[in-house]
Amino acid sequence: MVRLALESRGYDVLEAGNGAEGVELAMGSLPDLVLCDVNMAEMNGYLTLSALRKEAATSSIPVILMTGLADNAGMRHGMELGADDYLAKPFTLDDLYAAVEARLKKAQVVRLEAEKKLADLRDNISLMLPHELRTPLNGILAYAELLANDAASLSYNEVAEMGQVIHASGKRLEHLVENILIYAQLEMLGEDPHKVSALRCRQTDSPAGVIERHARAQAESVKRGSDLVLRLAGTRFPMSDEYLGKIVDELVQNAFKFSDGGSPVEVSLSGVNGSVILSISDRGRGFATEHMTRIGAYMQFDRRMHEQQGLGLGLAIAKRLAELHEGTLVVEKRAPSGTTVRIKLPANRA
């Protein structure tokens, strides 16, 4: 009856007699929606739902469970397993159509949003990667050619200046390649529970020194040492000093990059209610509200309007490191202007 009702509405419907057949059918056809009875022989609706959610190909397909025993406990169990909706029997055709149309519409919205994010990612990569690779490489090649062909006619100061440009361009290219490799390594590491567990066992006993050293290095690299403000408590940091230094490098570098000289960049470390909090604040142009929840690899915002270096990997690396250590990274607006990036990690792990 359900099949006939949906077909009369114009849907293409595949029907399976039990849960095992349904999972096999879904794996082969990848439907837009699954309606599944809860009470079935051999494999009930909960087991069917669980099987669908375990397979990558069917994990995101919306599932509506149909049952005559729609009690709170059963509904909660289904939702915990990943059910998208419930149809309590008996239901009318209007109830059926409304549930199906609502789930399909929601799935379409999610799909369109995913496609938009993918398009943005492609756009960012195509816009940034050629520029970020070629700009430092052009500097290296151009000055290296001059040194190779005209070294005899160049003064000591000219050679030194060219060497500095080559060195700066090389460091920029090195940082770019390093971040690409680190992000890829973190993504692979996140797939191995044993490596993640080992990662979480590391800590830095004296993080204040690590944070100060890396923050001052970033400040001096842009000749803004007097703009750096440090407020560092003597608390342990539940992360290796290598990764803590990487986070400080990327976040402090961003804070200086997107703020004007003479404005403060504040770095603080504190322990609050069983958590360790690292905060970096600036008085720059800040993030737009819609950008704060869209931090990801190769994502830069308003690049066409604001000249900026990099691939947008620094913030993504810091966020991924926080997540791998059971923490969070939050970007907040400051009043009247500026941004605060706050990393919060559990101070004590079992």
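How far apart are the end C-alpha atoms of helix α9 (residues 241-257), and what span should its 17 residues give at 1.5 Å a residue? I looked this up first and found the end C-alpha atoms 24 Å apart, which agrees with the 24 Å that the 17 residues should span; the expected span is 1.5 Å times one less than the number of residues, and helices (H or I, at least four residues) and strands (E, at least two) are DSSP runs, numbered from the N terminus.

I note that this is a predicted model, in which local features need pLDDT of at least 70 and side-chain atom pairs count only at pLDDT 80 or more, while totals for chains, interfaces and linings use all residues. Residues are numbered from 1 along each chain as its sequence is written, and side-chain values use heavy atoms, with hydrogens and water left out.

Among contacts (heavy atoms within 4.5 Å) with a separation of 6 or more, 64% join residues 24 or more positions apart.

I returned to α9 and counted 13 of its 17 residues as buried. I then turned to helix α10 (residues 313-324), whose 12 residues reach 16 Å from first C-alpha to last, close to the 16 Å expected. In α10, 10 of the 12 residues are buried, including Leu315, Ala318 and Arg320, and what covers them includes α6 (156-189), α7 (193-199), α9, β7 (328-333) and β8 (339-346). Just after α10, I saw that Glu326 takes a positive phi of about 65°.

Next I looked up the nonpolar cores, each a set of buried Ala, Val, Leu, Ile, Met, Phe, Trp, Tyr and Cys residues joined through side-chain atoms within 4.5 Å. The largest has 40 residues, and Phe237, Ile247 and Leu251 are among those with the most contacts inside it. Leaving aside neighbours within four places in sequence, I found Leu251 in contact with Ile280, Leu315, Ala318, Val341 and Ile343. A second, separate core of 15 residues includes Cys36, Met43, Leu52 and Leu65.

Last, I checked the cysteines: a search of the whole structure for disulfides (cysteine sulfur atoms within 2.5 Å) finds zero. Cys36 counts as buried because its relative accessibility is 7%, whereas Cys201 counts as exposed because its value is 64%.

Key. Buried means under 20% relative accessible area, exposed over 50%, partly exposed in between (1.4 Å probe, protein chains only).
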